[in-house]
Amino acid sequence: MKKEFTLTIYTENHVGLINKIAIMFSRRKISLESFNTSPSEVPNIYRFTIVVVEAEAVVKNLVKQIEKIVDVFKVYCNTNDEIVWQQMALYKVPTEVIIKEVKVERLLREYGAKAVVIRNDYTVFEATGQGEEINKLLKKLDKFGLIEFVRSSRIAIINASEGIHKKVVEMELKNPALQTINNEFLDKKDQVFQM
């Protein structure tokens, strides 16, 4: 039986890594519902948050395969009950409707939306929440001449996890990285590379 899973992948930031991960999904014909990447709480470690709807056995196998990629530190696989997650949405509505219709202002307050941009011709509101909340506000604003709408990918924090920070610190203590060596000629490139 298929259900929604959120994969949290901690990686180094190397060129081609997104492609390596994407290939693993496309080979298995798994469609991505949401894809987000951002820096993590640890410098130089990045976090991918990927949402899929698939059978648990398929997802568990996929996690094992992703963890084999050299640049990947750790992959967490969670159901919606095991995470705290949100999305952000922007709604562009004609400003004249907001001024005339008191219902719109109440509606925006009810959903915790705040104005981001106010112009004579339109106003952009920002709201955060889960998919259902964002969709409900979208349907209600559509009745008032919604001009444009965009939604972000899911961002999530795992309830039971300490994140990757503690594991990285422990790894560094066990096996400290070598000091980086700077090339002595980097600041003399004009002198060295003359033709």
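1. A residue is called buried when its relative accessible area is under 20%, exposed when over 50%, and partly exposed in between, with a 1.4 Å probe and protein chains only. At 45% relative accessibility, Val116 therefore counts as partly exposed. Val116 lies in strand 6 (residues 114-118), where strands (E, at least two residues) and helices (H or I, at least four) are DSSP runs numbered from the N terminus. From Val116 to Ala127 the C-alpha to C-alpha distance is 10.0 Å, for a separation of 11 residues in sequence.

2. On provenance, this is a predicted model, in which local features need pLDDT of at least 70 and side-chain atom pairs count only at pLDDT 80 or more, while totals for chains, interfaces and linings use all residues. Residues are numbered from 1 along each chain as its sequence is written, and side-chain values use heavy atoms, with hydrogens and water left out.

3. The largest pocket has a volume of about 210 Å³, and Glu4, Trp85, Gln87, Gly131 and Arg154 are the closest to its centre among the 14 residues that line it. A pocket here is an open set of points on a 1 Å grid over the protein atoms alone, where a 1.4 Å probe fits, with protein on both sides within 12 Å along at least five of seven lines; lining residues have an atom within 4 Å of a point. Grid points are joined across faces, edges and corners, and the volume is the space filled by probe spheres set on the points.

4. Strand 2 (32-39), strand 5 (83-94) and helix 5 (131-142) each supply at least two residues of the lining of the largest pocket, with helix 5 giving the largest share, 3 residues. At least three lining residues come from each of domain 1 (2-83 + 159-173) and domain 2 (84-151), the bounds being those of an automatic or database domain assignment. By class, the lining of the largest pocket has 2 nonpolar, 7 polar and 5 charged residues, where Ala, Val, Leu, Ile, Met, Phe, Trp, Tyr, Cys and Pro count as nonpolar, Asp, Glu, Lys and Arg as charged, and the others, Gly among them, as polar.

5. The second largest pocket, with a volume of about 170 Å³, has a lining of 6 nonpolar, 1 polar and 2 charged residues. Among the residues that line the second largest pocket are Val42, Pro43, Ile45 and Phe73, and helix 6 (residues 165-174) gives the most, with 3 residues.

6. Helix 5 has 12 residues and should span 16 Å at 1.5 Å a residue, which agrees with the 16 Å between its end C-alpha atoms; the expected span is 1.5 Å times one less than the number of residues. Within helix 5, Gly131, Ile134, Leu137 and Leu141 are buried. These residues cover an arc of only 135° around the axis, and so lie on the same side of helix 5, the arc being that of the directions from the helix axis to the C-beta atoms. Glu132 and Lys139, on the other side of helix 5, are exposed.

7. In helix 2 (residues 56-67), the end C-alpha atoms are 17 Å apart, which agrees with the 16 Å that its 12 residues should span at 1.5 Å a residue. Val59, Leu62, Val63 and Ile66 are the buried residues of helix 2. Their arc around the axis is only 105°, which puts them on the same side of helix 2, whereas Ala57 and Lys64 are exposed on the other side.
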